[in-house]
Amino acid sequence: MKNSVNWSFRPTTMAPNAMITTPHYLASQAGMKILQEGGNAVEAAIAAAATIGVVYPHMNGIGGDNFWLIYNAETQELKGLNSSGRSGENATIDFYKEQGLEKIPPRGPLGANTVPGAVAGWEKAYRYSTERMMGCIHWEELLKSAIHYAKDGFPVTPSQEYWTDINLDDTNDQFRHLQRFSEFKKIFTKTSGFSYRTGEIIKQKDLALTLEGIAKEGSGLFYRGDIAKTISKNLQANGGLLTYDDFVSHHSDWVEPLSVDYRGYRAYNLPPNTQGFASLSILNILNQFDLPAIEEGSADYYHLLIEATKLAFEDRDKYLTDPEFSPIPLDELLSVKRGIELSAKIDYTKPIHLQKQLDPKGDTVWLGVVDQYGNAVSLIQSIYHEYGSGFIPKNTGIILQNRGSFFTLDVNDVNCLYPKKRTYHTLNPAMIFKENQPYLVYGTMGGEGQPQTQAALVTRILDYQFPIQTAIEAPRWLYGRTWGAESNSVKIEGRVANNIIESLQTRGHQVEVVDNFTDVMGHAGVIQIDPNSKVKFGGADPRGDGAALGF
């Protein structure tokens, strides 16, 4: 039975030539400008990623990592790019234990123990674009918009105001109180000590100078030049671990995307150290059910997707880490046999209890681009927690990520800290192909929520034929934990009917009703390409500040 819902608060954006969707309208505009000047999807993605790193600083930036899926229409090849950084050469379990720590602090210099990979990702993708995709836009041009907004300022969004206020809580030195870091206080608070309010202009002069240097000299400035020296010296002066050699030795890697069949389509994602295989595992499990026979939005629908998530996460948490340090049996985990085995464990009358407490954070941006030449990009970029480590090396404007705080100090855990190791990463951009061509380019922010929201989008679009914007806006859920919570629960938006919530509770789910369009559910985006007309259908999430633009 198909749900007849086909409305949305916003219209789906439609365009015959090209489309971009990001979680911030200024970033979407930056990418659209490149597309209209004849640039390709990679070039537009770099312009948008650089811009959103400035205008959405609490979610991402050049102090973080990124991951790419790039479809080259000329060669009909889909490539993956892993541009996550590795832990420093001095980052050891013993070092943290000697500090009297049982876990890695999420904030401050000790939380910033992995090299930021974002800039290297931009440049590696740019070189591929130039060499293999007839890229024609100069590197400096791609960073112009970002430099402009950093130097001349941009209006603060409600999202930035909200998350800045939360992070000025001086009663919580473990996760908040970021104004204790002098550069953070200088840039992101006013002389009064309060955050910038929605609509007020904020400028990042130091970041503008950093970006101008990268525009002129490329990523070499960041990894081998003065920026690398400044970051490493400033970190070490404050007790941090990263060295200049850590930056010099960074390399981003082309990787082979993973894929599974879903209803005759081909779903693609990135391999470890990302959780891409968990997103695919959920679809592999759902593929064993006749989903259109289940009413969308019913208690059975939510129950099925929540249970599939738990089963996929059990496999993920057993194996996911840097594959260079521990083998991961991906062929087995994504086999049809495994999908059938896991699907048989789902009981519609009661939930599975997942023992592991899921990570409550993962603030990120996802963006997608399809150009007029048929190329496509699915890109995700993050500094992990909002404002990352909170630590900004003096006079750089670069918020360093705290992704390395996700390593464990338990030597028996698969994701234990080790020098030069990539941590388990929640970031995973996605695409779905129809008859060997990109059909859906999609993704979301949200840590543990990414595989869950991806499943919501895929089922609503492919199984229930929802229009793109409707699929994005439809009520969402999140299985997991929030800050301070002691156990996992099902967060579900208040637009879901009471009888559905009661049915889930009766089955044994611990349900927590949240705001109707809360950004706890992530900022999702989708571009769909009509295989015949080549019209692009794009959507952006009202839970964020984004826009889908086309021409």
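Helices (H or I, at least four residues) and strands (E, at least two) are DSSP runs, numbered from the N terminus. This is a predicted model, in which local features need pLDDT of at least 70 and side-chain atom pairs count only at pLDDT 80 or more, while totals for chains, interfaces and linings use all residues. Residues are numbered from 1 along each chain as its sequence is written, and side-chain values use heavy atoms, with hydrogens and water left out.

On H11, the buried residues (under 20% relative accessible area, against over 50% for exposed and in between for partly exposed; 1.4 Å probe, protein chains only) are Ile 227, Ala 228, Ile 231, Ser 232, Asn 234 and Leu 235. They cover an arc of only 165° around the axis, so they sit on the same side of H11; the arc is taken from the directions from the helix axis to the C-beta atoms. Turned away from that buried side is a face with the exposed residues Asp 226, Lys 233 and Ala 237. Just past the end of H11, Gly 239 takes a positive phi of about 90°.

Strand E11 is mostly covered, with nine of its nine residues buried. Ala 376, Ser 378, Ile 380, Ser 382 and Tyr 384 point one way, Val 377, Leu 379, Gln 381 and Ile 383 the other. Strand E3 (residues 65-72) runs antiparallel to E11 and is joined to it by seven bridges; pairing takes at least two DSSP bridges between two strands. Asn 66 stands opposite Gln 381 in E11.

Now for the rings. A search of the whole structure turns up 23 aromatic pairs. Rings of Phe, Tyr and Trp (its six-membered ring) pair if their centres lie within 6.5 Å, with planes under 30 degrees apart counted as stacked, over 60 as edge-to-face and the rest as tilted. Phe 184 and Tyr 387 have ring centres 4.9 Å apart and planes at 90°, so this pair is edge-to-face. Phe 184 belongs to helix H8 (residues 182-188) and Tyr 387 to the loop between strands E11 (376-384) and E12 (430-434), so the pair ties together parts 203 residues apart in sequence. Both Phe 184 and Tyr 387 are buried.
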